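Here is a short briefing on one protein structure.

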Amino acid sequence: MNNLMFWLQPLFSAFIGWVTTWVAIKMLFHPRNPVRVFGITIQGVFPKRQQMVAEKLGVMVARELIHFDEIAALLKDPSRLEELNPVIEKHLDTFLTVKIKEKLPMIAMFVGDSTMSKIKEGMMEEITNLLPDIINKYTDSLRQKIDIQKIVTDKVSAFSSDKLEEILQSVMKKEFWFLELVALVLGFLIGLIQMGISLL
C-alpha cells in the first residue's frame with residue numbers, strides 16, 4: 001500500500017494543484033454575499049470590489065478609450081453631413097409635392113414645377129449652410145449633459161453578480177482553463193520531485 005501511495009504522489013499533487021486553482025478561480029466570484037467562517041468574513045473578489053472596479057473602469061474608459069471630442073468630431077465631419085443630403089432632399093420633395101398641396105392648395109395651384117424646383121434648391125442650400133451650426137450647438141449641449149465616466153460606472157455598478165461573472169467568464173474562459181492546466185502540470189512535477197527526494 002505504501003509502495004502504491006508512493007507511486008501515486010504525482011497524481012495526488014496534480015489533483016491538489018488543479019483543485020486549489022479551481023477553488024481560487026471560483027472565489028473570484030463566490031460567495032456573492034459576505035459569509036462568516038470561523039470568525040473570518042469571506043466574499044468573492046469581484047462582488048466585494050464591484051463598486052471600486054466600476055469606478056476605475058469608468059475613469060479608464062473616459063480617459064483612455066472614449067473621448068466626447070472624438071464623437072463630436074465625427075458628428076461635425078463635413079463628409080458625414082453630406083450623407084444627410086439625400087434624406088433631407090427626399091423629405092423636401094414629399095413636403096413640396098404632397099404636403100404643401102394638402103395644407104395650402106391655393107398656393108400649389110399657382111406655383112409650377114419649375115418654381116417648386118427653385119424653392120427646393122434654395123431650401124437645400126439654406127439647410128446645408130445651417131446644418132453645421134445646428135450640429136455644433138447640439139454637440140456643445142451634449143458635452144455638458146453626457147458624462148461618460150458616470151455612465152460606465154453606473155452601468156457596471158448595476159450589473160448583477162451573475163451578469164458580471166458571465167461577462168468575465170466569456171472573456172477569460174481560455175485563460176482560466178490555462179491556469180488550471182498549468183496548476184495540474186506543476187502539481188504533477190512537484191509530485192515527481194517529491195518522489196525523487198524520497199528515493200535519495
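**Briefing: helices and contacts**

Helix H6 (residues 85-103) bends by about 40° at Phe95. The bend is the angle between axes fitted to the seven residues ending there and the seven starting there. Helices (H or I, at least four residues) and strands (E, at least two) are DSSP runs, numbered from the N terminus. This is a predicted model: local features need pLDDT of at least 70, side-chain atom pairs count only at pLDDT 80 or more, and totals for chains, interfaces and linings use all residues. Residues are numbered from 1 along each chain as its sequence is written, and side-chain values use heavy atoms, with hydrogens and water left out.

**Helix H6**
- The buried residues of H6 are Ile88, Leu92, Leu96 and Ile100. Buried means under 20% relative accessible area, exposed over 50%, and partly exposed in between (1.4 Å probe, protein chains only).

**Packing of H3 and H10**
- Helix H3 (residues 45-65) packs against H10 at an angle of about 100°, and their axes are 11 Å apart. Axes are lines fitted to C-alpha atoms, for helices over the stretch in contact, and angles run from 0 to 180 degrees between N-to-C directions.
- H3 and H10 are therefore roughly perpendicular to each other. Angles of 65 to 115 degrees count as such, under 35 as roughly parallel, over 145 as roughly antiparallel and the rest as oblique.
- H3 contributes Phe46, Pro47 and Gln50 to the contact, and H10 contributes Ser161, Leu164 and Leu168. Contact means heavy atoms within 4.5 Å.

**Aromatic pairs**
- A search of the whole structure finds four aromatic pairs. Rings of Phe, Tyr and Trp (its six-membered ring) pair if their centres lie within 6.5 Å; planes under 30 degrees apart count as stacked, over 60 as edge-to-face and the rest as tilted.
- Phe29 and Phe176 form an edge-to-face pair, 6.4 Å centre to centre with 80° between the planes.
- This pair links distant parts of the chain, 147 residues apart. Phe29 lies in the loop between helix H2 (9-26) and strand E1 (35-37), and Phe176 lies in helix H10.
- Phe29 is buried at 2% relative accessible area. Phe176 is buried too, at 7%.
- Phe15, Trp18 and Trp22 form one aromatic cluster.

- Ser13 sits in helix H2. Its relative accessible area is 13%, so Ser13 is buried.
- Ser13 touches Gly187, Phe188, Gly191 and Gln194, not counting residues up to four places away in sequence.
- Met195 is in helix H10 (residues 161-199). Met195 counts as buried because its relative accessibility is 8%.
- Met195 and Glu180 are 15 residues apart in sequence and 23 Å apart in space, C-alpha to C-alpha.
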